[in-house]
Amino acid sequence: MTGNDDLDRYRIFLKQQEYQDKLFWSRVQTLYLVQAAVLGSSFAIRDRWFGWAILGIGAVISTLVALLCCYDWQDSQANKTSM
């Protein structure tokens, strides 16, 4: 492989890693937003069962977004050995 091919491969890996990092941080921000909205709405609603339902739905959504964050972090770290 020539030096130019190595440079092109490095650029591709770097762009992929930057994309994954941006995706990760946007999902972390979404996770914070969902958790704040769920907590705020559950405290604002005085109805007992509906507040618990909102907390349950929020926990499911938060878990899904947190899993996506973990997968994004793993994807961004996958090519470090190849670089």
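Select Asp 72 first: this residue is found in helix H2. The model on your screen is predicted, so local features need pLDDT of at least 70, side-chain atom pairs count only at pLDDT 80 or more, and totals for chains, interfaces and linings use all residues. Residues are numbered from 1 along each chain as its sequence is written, and side-chain values use heavy atoms, with hydrogens and water left out. Helices here are DSSP runs of H or I with at least four residues, strands are E runs of at least two, and both are numbered from the N terminus.

**Stop 1: Asp 72**

Is Asp 72 buried or exposed? Asp 72 counts as buried, at 5% relative accessibility. Buried means under 20% relative accessible area, exposed means over 50%, and partly exposed lies in between (1.4 Å probe, protein chains only).

Now show what surrounds Asp 72. Leaving out residues up to four places away in sequence, Asp 72 touches Gln 20, Leu 23, Phe 24 and Arg 27. A contact means heavy atoms within 4.5 Å.

Select Arg 27 as well. The side chains of Arg 27 and Asp 72 meet in a salt bridge, 2.7 Å from N to O. This pair links distant parts of the chain: Arg 27 sits in helix H1, Asp 72 in helix H2, and they are 45 residues apart. A salt bridge is a side-chain nitrogen of Lys or Arg within 4 Å of a carboxyl oxygen of Asp or Glu. Arg 27 counts as partly exposed, at 23% relative accessibility.

Gly 56 is 16 residues from Asp 72 in sequence, and their C-alpha atoms are 24 Å apart in space.

**Stop 2: Gln 20**

Move to Gln 20, in helix H1. Gln 20 is buried, with a relative accessible area of 7%. Which residues does Gln 20 touch, not counting those up to four places away in sequence? They are Asp 72, Asp 75 and Ser 76.

**Stop 3: the nonpolar core**

Select Phe 24, Val 28, Leu 31, Val 65 and Cys 69 together. These five residues make up the largest nonpolar core. Such a core is a set of buried Ala, Val, Leu, Ile, Met, Phe, Trp, Tyr and Cys residues joined through side-chain atoms within 4.5 Å. H1 and H2 are the elements that give two or more residues to this core. H1 gives the most, with three residues. In soluble globular proteins, nonpolar side chains tend to be buried together.

Keep Phe 24 selected. Beyond residues up to four places away in sequence, Phe 24 touches Cys 69, Asp 72 and Trp 73.

**Stop 4: Ser 62**

Go to Ser 62, in helix H2. Ser 62 counts as buried, at 10% relative accessibility. Which residues does Ser 62 touch, not counting those up to four places away in sequence? Look for Leu 31, Val 34 and Gln 35. Leu 31 is also one of the core residues.

**Stop 5: the nonpolar patch**

Val 60, Leu 64, Leu 67, Leu 68 and Tyr 71 make a nonpolar surface patch of about 470 Å². Patches are made of residues with over 30% relative accessible area and no salt bridge; like charges are joined within 9 Å, and nonpolar side chains (Val, Leu, Ile, Met, Phe, Trp, Tyr) within 5 Å. Accessible areas come from the Shrake-Rupley method with a 1.4 Å probe, and for residues only the protein chains shown count as cover.

Pick out Val 60, which lies in helix H2 (residues 48-78). Val 60 is exposed, with a relative accessible area of 51%.

**Stop 6**

How many salt bridges does a search of the whole structure find? The search finds two. You have seen Asp 72 with Arg 27. Now select Asp 8 and Arg 11, which form a salt bridge with their closest N and O atoms 4.0 Å apart. Both lie in helix H1 (residues 3-44), three residues apart, about one turn of the helix. Asp 8 is partly exposed at 33% relative accessibility, and Arg 11 is partly exposed at 48%.

**Last stop: the whole chain**

Zoom out. The secondary structure comes to two helices and zero strands. The radius of gyration is 19 Å, well over the 12 Å that the globule rule gives for 83 residues, so the chain is more spread out than a compact globule. That radius is taken over C-alpha atoms, and the globule rule is 2.2 Å times the number of residues to the power 0.38. Along its principal axes, the C-alpha trace spans about 70 × 15 × 10 Å. Buried residues make up 20% of the 83 residues.
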